[in-house]
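Let's take a friendly tour of how the strands in this model pair up. Have the sequence and the 3D view ready.

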Amino acid sequence: MFYKYIFATVVLSIFAFAASDIKNLKTFQAQFTQTITSNSSDVILYKGQVFIKSSGKILWKYKTPVEKNVYIDNNSAIVDEPELEQAIFTKLENEINIIQLLKDAKKIDNNKYSSKIDSVQYLIFTKNNKIEKISYEDNLENSVEINFSNIIQDEDISDSIFIFSIPSNYDLIRK
């Protein structure tokens, strides 16, 4: 199930660039809180940091409830699980077309956008031309809300942050 969230996260990350009124956004970094509420009202809360470059490089650093790092470079992903001493290498099933996302983003009002990707309806909320929140219902009927804070846009992010160095004691899993 976590891998479905990885794919959704990739879509959301790239969509974050499309949703803003800032058409030339080069980088995005922020703290995030991701709340997933199941249809039986169970709630899972994730917190961490996200780093995104328009080149397709993305890093989600989950801090709670468990430490996990998700490195994405276009259609490849590495899930680093330090507590399990393992890394999972996988290809994302669908390439994400940023240009199409830009064309599909529909402004609902001054601070709200909507888009439908792979039968999932996303709502994107902005404040001061920065993405503040993304919400959607996933294919498992979970309500997902990602809130961003301490947002920094268009400041240099070194490519080195997106490189995963495999510790010698790790198990490697390829999917």
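## From β2 to β3

Strand β2 and strand β3 (residues 57-64) run antiparallel and are joined by 6 bridges. Here, strands are DSSP runs of E with at least two residues, numbered from the N terminus, and two strands pair if DSSP finds at least two bridges between them. Within this pairing, Gln-49 has Lys-61 in β3 as its bridge partner. The two strands form a hairpin with 3 residues between them, and Gly-56 in the turn has a positive phi of about 105°.

This is a predicted model, where local features need pLDDT of at least 70, side-chain atom pairs count only at pLDDT 80 or more, and totals for chains, interfaces and linings use all residues. Residues are numbered from 1 along each chain as its sequence is written, and side-chain values use heavy atoms, leaving out hydrogens and water.

## From β1 to β2

Strand β1 (residues 27-37) pairs with β2 (residues 43-53) in the antiparallel sense, over 11 bridges.

## The whole sheet

Zooming out, 12 strands make an open sheet with mixed pairing, in the order β7-β8-β9-β10-β11-β1-β2-β3-β4-β5-β6-β12. Because β7 (106-109) and β12 (171-174) stand at the edges with a single partner strand each, one side of each is left without a neighbour in the sheet. From one strand to the next, the twist averages 20°, with axes being lines fitted to C-alpha atoms and angles running from 0 to 180 degrees between N-to-C directions.

Methods:
Helices (H or I, at least four residues) and strands (E, at least two) are DSSP runs, numbered from the N terminus.
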